[in-house]
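Welcome, and please open your viewer so that we can walk through this model together. At each stop you will be told what to select and what is there.

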Amino acid sequence: MFYLVRMVVSPPYGMPPEEFERLKAEEKEVGIRLQREGIWKHIWRVAGAYANVSIFEVDSVEQLHSAISSLPFFPFLSVEVTPLVPHPSSINPADNPLLKEGRA
Ligand SMILES: O=C(O)CC1=CCC(=O)O1
């Protein structure tokens, strides 16, 4: 199952910069691990905002929640989740499991 996830980062006002930098480094580590595990397929910075849009591929919404809530920035994130289904006109096997399985 694919999900479009938009995350807006809002660190609390007054957070000491060194604590913020530590959390940011941990966030990057977890983000890279989830990409290497194949769950976090794409991540893009939203131009002009401290936000990202991402594509996750997971087996369940519980797995998605577990991944997102494992992020060190989680307490400071506004997260919007949109479930996706393959588009019938997609010719990209990565986006369309039917193509990947040779069934379309
Ligand atoms: O900077 C962000 O958009 C938040 C974030 C998620 C994974 C990562 O490395 O940073």
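Begin by selecting strands β1 (residues 2-9) and β3 (residues 51-57): 7 bridges join them, and they run antiparallel. Strands here are DSSP runs of E with at least two residues, helices are runs of H or I with at least four residues, and both are numbered from the N terminus. Two strands count as paired if DSSP finds at least two bridges between them. Before moving on, note that this is a predicted model, in which local features need pLDDT of at least 70 and side-chain atom pairs count only at pLDDT 80 or more, while totals for chains, interfaces and linings use all residues. Residues are numbered from 1 along each chain as its sequence is written, and side-chain values use heavy atoms, with hydrogens and water left out.

**The sheet**

Click on Phe2, whose bridge partner in β3 is Glu57. Tyr3 is bridged to Phe56 of β3. β1 and β4 are joined by 8 bridges and run antiparallel; here you can find Val9 opposite Leu77 of β4.

In what order do the 4 strands stand in the open sheet? The order is β2-β3-β1-β4, with antiparallel pairing. β2 (40-45) and β4 are at the edges with a single partner strand each, so one side of each has no neighbour in the sheet. From one strand to the next, the twist averages 15 degrees. Next, select α2, which packs on the sheet and touches β1, β3 and β4; its direction makes about 25 degrees with that of β1. Such angles run from 0 to 180 degrees between N-to-C directions, using axes that are lines fitted to C-alpha atoms, for helices over the stretch in contact. Contact means heavy atoms within 4.5 Å.

**Inside the sheet: Ser54**

Stay with strand β3 and pick Ser54, which is found there. Is Ser54 buried or exposed? Ser54 is buried, because its relative accessible area is 1%; buried means under 20%, exposed over 50% and partly exposed in between, with a 1.4 Å probe and protein chains only. Show the side chains of Ser54 and Trp40, and you will see a polar contact of 2.9 Å between them. The side chain of Ser54 also reaches the backbone oxygen of His42 at 3.5 Å. A polar contact is a pair of N or O atoms within 3.5 Å; within protein, one must be able to donate a hydrogen and the other to accept it, and residues adjacent in sequence count only if both atoms are side-chain atoms. Beyond its neighbours within four places in sequence, Ser54 is in contact with Tyr3, Leu4, Val5, Trp40, His42 and Ile43.

**The ligand**

Which residues are around the ligand? Select Val9, Glu27, Lys28, Trp40, Ile43, Arg45, Tyr50 and Asn52; a residue is near a molecule if one of its heavy atoms lies within 4 Å of it. Zoom in on Arg45, where a polar side-chain atom is 2.7 Å from an oxygen atom of the ligand. Asn52 has a polar side-chain atom 2.9 Å from an oxygen atom of the ligand.

**The aromatic rings**

Now colour the aromatic rings: the structure holds 3 aromatic pairs. The rings of Phe20 and Phe73 have centres 5.6 Å apart and planes at 10 degrees, so this pair is stacked. Rings of Phe, Tyr and Trp (its six-membered ring) pair if their centres lie within 6.5 Å; planes under 30 degrees apart count as stacked, over 60 as edge-to-face and the rest as tilted. Phe20 counts as buried at 15% relative accessibility, and Phe73 counts as buried at 4%.

**Last stop: Lys100 and the whole chain**

Select Lys100 in helix α3 (residues 97-100). Lys100 counts as exposed, at 52% relative accessibility. Leaving out residues up to four places away in sequence, Lys100 touches Glu57 and Pro93.

Finally, zoom out to the chain, with its 3 helices and 4 strands. From the N terminus on, its elements run β-α-β-β-α-β-α. The C-alpha trace spans about 55 × 25 × 20 Å along its principal axes, and 28% of the 104 residues count as buried.
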